[in-house]
Amino acid sequence: MAKQDGSAVRDEVAAARRIVVKIGSSSLTTAAGGLDADRVDALVDVLAKVLGQDAGGDGGAGGGAGGAGGKEIVLVSSGAIAAGLAPLGLDRRPRDLARQQAAASVGQGLLVARYTASFARYGRRVGQVLLTTDDTSRRAHYRNATRTLDQLLAMGALPIVNENDTVATDEIRFGDNDRLAALVAHLVRADLLVLLSDVDGLYDGDPRTPGTSRIDEVKGPQDLAGVSIGSAGRSGVGTGGMVTKVEAARIAAAAGVPVVLTSASRAGDALLGRPTGTYFHRTGRRSADRLLWLAHASEPRGALTLDDGAVRAVVERRTSLLPAGIAAVEGEFTAGDPVELRDTEGRAVARGLVNFDAKEIPRLIGRSTRDLARELGPAYEREVVHRDDLVVLHRHG
């Protein structure tokens, strides 16, 4: 049975048409922190080969990343901050956000220039897409991101995605590119997510410890029970570790996107469906909406406490949140910001985009929209959080 399952996995991976590939900083940079041109070229060689083989040619001038029946690749690449360290005379990744942003500003240009030159060897164009969580939680911004990525692929350019570190604040950061890659895979409706790092898969312990073994397949959370997952990377130039990769794999799999986790040196094997790394089976169904972003990419700017009736309405009947169901408000937020919806015991039950500023909420609490419209005007005859802008979270306890 294991052999049959392995064959099915390889077939599914090899058949994937639209693939998101994520590469970490440690796989692209030198020990000193600068970009390693040879490592970048090695990755590009693999990606171009996969695209070229699929197209039945060498991907010559004007060759696209997709085409009728062809493969398409979206690359989520870390490395901007790491690439900017050496040029700015920094010997390690800074801890403060301002200097991280300065390093990203210098490094992002170097990173994309390196990719542009490397892909040009195969006549392939690249396009830079920088995202923040603010770009992806709000409806209009989400649609724009989707259209941009789809159009780049349609026009034969390979999108290179990174977090927009130069403008992101602590409140609107993805925090790691593993999670960003999982959400991009959902955004572009990918058939496969490939996470590349400096480790060739998920192990049942520290891979440097004798006696540990690689986990070839993960079919659900039960397969990870009792597995010790380390939290730190080896190189010290990235932000993620195995914890963020497993969490990213869980997010993508729950959204209907299978995942291969392996090392950058095995990228070719991973993309061609050869046995390598750890394969995470899809655990949920593919969804066309943006609510996965709302659940995983947004940091709540405040919280609304709901009475018991409103909790039941929102969680069980999936209705909008009306002013009458709010018991309390906390935090400072403006209309359009993500907020947490809590029950009377303080447990998060949902997350949504609020339609009012925090300072407006107190005078709305417990009142009907009809009364509010009569007293304050028609602008107040609306939901505090519309059901289309609301995602129900798993309740705890």
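Biologist: What covers the buried residues of α11?

Modeller: The cover includes β9 (302–306), β11 (338–342), β12 (348–353) and β13 (390–392). This is a predicted model, where local features need pLDDT of at least 70, side-chain atom pairs count only at pLDDT 80 or more, and totals for chains, interfaces and linings use all residues. Residues are numbered from 1 along each chain as its sequence is written, and side-chain values use heavy atoms, with hydrogens and water left out.

Biologist: Which residues of α11 are buried?

Modeller: In α11 (residues 308–315) they are Ala310, Val311, Ala313, Val314 and Val315. Helices (H or I, at least four residues) and strands (E, at least two) are DSSP runs, numbered from the N terminus.

Biologist: Why is Thr146 called buried?

Modeller: Buried means under 20% relative accessible area, exposed over 50%, and partly exposed in between (1.4 Å probe, protein chains only). Thr146 has a relative accessible area of 14%, so Thr146 is buried. Thr146 sits in helix α6 (residues 139–154).

Biologist: What is Thr146 in contact with, leaving aside neighbours within four places in sequence?

Modeller: Contact means heavy atoms within 4.5 Å. On that basis, Thr146 touches Leu187 and Arg189.

Biologist: How many residues of β12 are buried?

Modeller: The count is 6 of its 6, and β12 is mostly covered.

Biologist: What makes β11 and β12 a pair?

Modeller: Two strands pair if DSSP finds at least two bridges between them. Here 5 bridges join β11 to β12, and the strands run antiparallel. Glu340 stands opposite Arg351 in β12. Their hairpin has 5 residues between the strands, and Gly346 takes a positive phi near 85°.

Biologist: How many bridges link β12 and β13?

Modeller: These two pair over 3 bridges, in the antiparallel sense. Gly352 has Leu390 in β13 as its bridge partner.

Biologist: In what order do the 8 strands of the open sheet stand?

Modeller: The order is β3-β4-β2-β1-β5-β7-β8-β6, with mixed pairing. β3 (125–131) and β6 (217–218) stand at the edges with a single partner strand each, so one side of each has no neighbour in the sheet. Strands β7 (residues 259–263) and β8 (residues 278–280) run antiparallel, joined by 3 bridges. There, Val260 stands opposite Tyr279 in β8.

Biologist: Why are α7 and α8 called roughly parallel?

Modeller: Axes are lines fitted to C-alpha atoms, for helices over the stretch in contact, and angles run from 0 to 180 degrees between N-to-C directions. Angles under 35 degrees count as roughly parallel, over 145 as roughly antiparallel, 65 to 115 as roughly perpendicular and the rest as oblique. α7 and helix α8 (residues 242–254) pack at about 15°, with axes 8 Å apart. They are therefore roughly parallel to each other.

Biologist: Which residues meet there?

Modeller: Asp178, Arg179, Ala182 and Leu183 in α7 meet Thr244, Lys245, Ala248, Ile251 and Ala252 in α8.

Biologist: What makes a nonpolar core?

Modeller: A nonpolar core is a set of buried Ala, Val, Leu, Ile, Met, Phe, Trp, Tyr and Cys residues joined through side-chain atoms within 4.5 Å. The largest one has 42 residues, and Val20, Val161, Val184, Leu193 and Leu202 have the most contacts inside it. Helix α7 (residues 177–187) gives the largest share of this core, 7 residues. A second, separate core has 30 residues, including Val21, Val40, Val126 and Ile160.
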